[in-house]
Amino acid sequence: MTMPDKAAGAYRTIGEVSRDTGLPQHILRYWESRFAQLRPLQRAGNRRYYRPGDVALVRRIDILLNQQGYTIRGVQKLLAAEQPEPAPAAADAAPAAINLGQLVAIRDTLARALAQDR
């Protein structure tokens, strides 16, 4: 009895990824140590669960290394160069320009609304 295919967004075990890509499990584990971008979820017992993005990255790394002739270091540089800049944290963003008069007006409006509810 064969198992039905998983949904496109389902997490995959390392065995499923290995079977789908034709890559041995030890290669997948090695790539996790070499490529910072490849970080599947690890649960109890170190079971790995690959998200769809992780599987796509595994396929891309495989193509770069085994079909296009890149070295490990070359793929590392390529992936690092493609990483988007992190978005600024809320504390780093410019504060919204709200003056005291606007805040008082908002407070008064809320106070009236609460008084009407009672």
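R107 is exposed, with a relative accessibility of 53%; here buried means under 20% relative accessible area, exposed over 50%, and partly exposed in between, computed with a 1.4 Å probe and protein chains only. The side chain of R107 meets that of D108 in a salt bridge of 3.3 Å, N to O, a term for a side-chain nitrogen of Lys or Arg within 4 Å of a carboxyl oxygen of Asp or Glu. D108 counts as partly exposed, at 29% relative accessibility.

The model is predicted: local features need pLDDT of at least 70 and side-chain atom pairs count only at pLDDT 80 or more, while totals for chains, interfaces and linings use all residues. Residues are numbered from 1 along each chain as its sequence is written, and side-chain values use heavy atoms, with hydrogens and water left out.

The whole structure holds four salt bridges. One of them joins E82 and R60, at 2.7 Å from N to O. Because E82 lies in helix α4 (residues 72–82) and R60 in helix α3, this pair ties together parts that are 22 residues apart in sequence. Helices (H or I, at least four residues) and strands (E, at least two) are DSSP runs, numbered from the N terminus. E82 is partly exposed at 41%, and R60 is partly exposed at 31%. Another salt bridge links R51 with D54, whose closest N and O atoms are 3.2 Å apart. In this pair R51 is partly exposed, at 28%, whereas D54 is buried, at 6%.

W31 is buried, with a relative accessible area of 4%. Leaving aside residues up to four places away in sequence, W31 touches L23, L38, V58, I61, D62, L65 and I72, contact being heavy atoms within 4.5 Å. I61 stands 30 residues from W31 in sequence, and their C-alpha atoms are 8.7 Å apart.

Helix α1 (residues 14–21) is mostly covered, as six of its eight residues are buried. These are I14, G15, E16, V17, S18 and T21. Their cover includes β1 (12–13), α2, β3 (48–50) and α3 (52–66). After α1 comes G22, which has a positive phi, near 80°.

On the surface, L100, L103, V104, I106 and L110 form a nonpolar patch with about 470 Å² of accessible area together. V104 belongs to helix α5 (residues 100–117) and is partly exposed, at 31% relative accessibility. Patches consist of residues with over 30% relative accessible area and no salt bridge, with like charges joined within 9 Å and nonpolar side chains (Val, Leu, Ile, Met, Phe, Trp, Tyr) within 5 Å; accessible areas come from the Shrake-Rupley method with a 1.4 Å probe, and for residues only the protein chains shown count as cover.
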